[in-house]
Amino acid sequence: MATREKPIILFIHGSWHLPLHYRSLIDGLRGSGFTVLAPYLVTTGYSDSIDDKTHVDATYQIREYILPYLDQGHKVIVVSHSSGGIVAGQASVGLTLEERTAQGLKGGITNVVYIAGLIDAENARKRGPFPESWTDYKKRPMLEGPARTLLYNDVEESRVKEALQLLVWQSETTYAPERLHVASEVRAKKTYVVCKNDKMVPPEKQYQRAAEAGATVVELDCGHSPFLLEKETALLVDIITKAAEVVTASL
């Protein structure tokens, strides 16, 4: 590309959530001049179409979604939250800038950013379906009590109420199949944002996953949903912007 344009941001949401939950982060990135793509995963929504959908379906969905942008020569930073990290890593394998350049192809994924992320479908699969105390799947999304405690423990009440109203169904078979890839196979720069007060994904597990992925660790003093906190949202924008600056400087 002739001009030093910013890389595209591909955002991958977590379970029960929609891109709308992340609008403060997405708006912050767009306000900084980024093009942000935020598709709805096929495993999440208020439609019977999510029945029997898995992380494998979501992975192929994202690969098909981003490929036209790569073929146009764009560089892409993949940003994911929570369970979206499984899809982010799996979809990135084979589509990184390093791999595509070696094949004589334009464009590619340059960075993967995990926010309190899961990175391996195998670990989630061994755990089995989500605990019954969290959700009853198709009758309603994650129950209010667990959501308040696990997802939104440090979020102000008005934003908690809004987030709860937006929660949707999650496919019960999300983690059913075996993994396609692990995060260590992603041949791109990786950043793992550890949320140190997370009640959903224990911080010690986050540090472990960052090490397994070979990712650079950045810490935030917050719970599982930093995108609902003003200060932490600004910090996330800064983290992603710094990753993009490295890409832009190399163009």
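Strand E5 and strand E7 (residues 189–195) pair in the parallel sense over 5 bridges, where strands (E, at least two residues) and helices (H or I, at least four) are DSSP runs numbered from the N terminus, and where two strands pair if DSSP finds at least two bridges between them. In this pairing Ile115 has Val193 of E7 as its bridge partner, and Val112 stands opposite Lys190 in E7. The model is a predicted one, in which local features need pLDDT of at least 70 and side-chain atom pairs count only at pLDDT 80 or more, while totals for chains, interfaces and linings use all residues. Residues are numbered from 1 along each chain as its sequence is written, and side-chain values use heavy atoms, with hydrogens and water left out.

On another side of the account, E5 also pairs with strand E4 (residues 75–81), in the parallel sense and over 7 bridges; here Val76 has Ile109 in E5 as its bridge partner. For strand E5 (residues 108–115), 8 of the 8 residues are buried, so the strand is largely enclosed by the rest of the structure; buried means under 20% relative accessible area, exposed means over 50%, and partly exposed lies in between, with a 1.4 Å probe and protein chains only. Strand E7 is mostly covered as well, with 6 of its 7 residues buried.

E7 pairs with E8 in the parallel sense over 5 bridges, and Val193 has Val218 in E8 as its bridge partner. Strand E1 (residues 8–12) pairs with E4, also in the parallel sense and over 5 bridges, with Leu10 standing opposite Val78 in E4. Together with E2, these strands form an open sheet of 6 strands in the order E2-E1-E4-E5-E7-E8, with parallel pairing. Strand E2 (36–37) and strand E8 (216–220) stand at the edges, each with a single partner strand, so one side of each is left without a neighbour in the sheet. Strands of a sheet pair through backbone hydrogen bonds, either parallel or antiparallel.

Leaving aside residues up to four places away in sequence, Ile8 touches Thr35, Leu37, Tyr69, His74, Lys75, Val76 and Ile77, a contact meaning heavy atoms within 4.5 Å. Ile8 and Ile66 are 58 residues apart in sequence, and their C-alpha atoms are 10.0 Å apart in space.

The protein chain as a whole has 9 helices and 8 strands. Its radius of gyration, taken over C-alpha atoms, is 17 Å, close to the 18 Å that the globule rule gives for 251 residues, so the chain is as compact as a globular protein of that length; the rule is 2.2 Å times the number of residues to the power 0.38. Along its principal axes the C-alpha trace spans about 50 × 35 × 30 Å. Buried residues make up 56% of the 251 residues, and among contacts between residues at least 6 apart in sequence, 76% join residues at least 24 apart. The accessible surface, from the Shrake-Rupley method with a 1.4 Å probe, comes to about 11,000 Å², of which 50% belongs to carbon and sulfur atoms.
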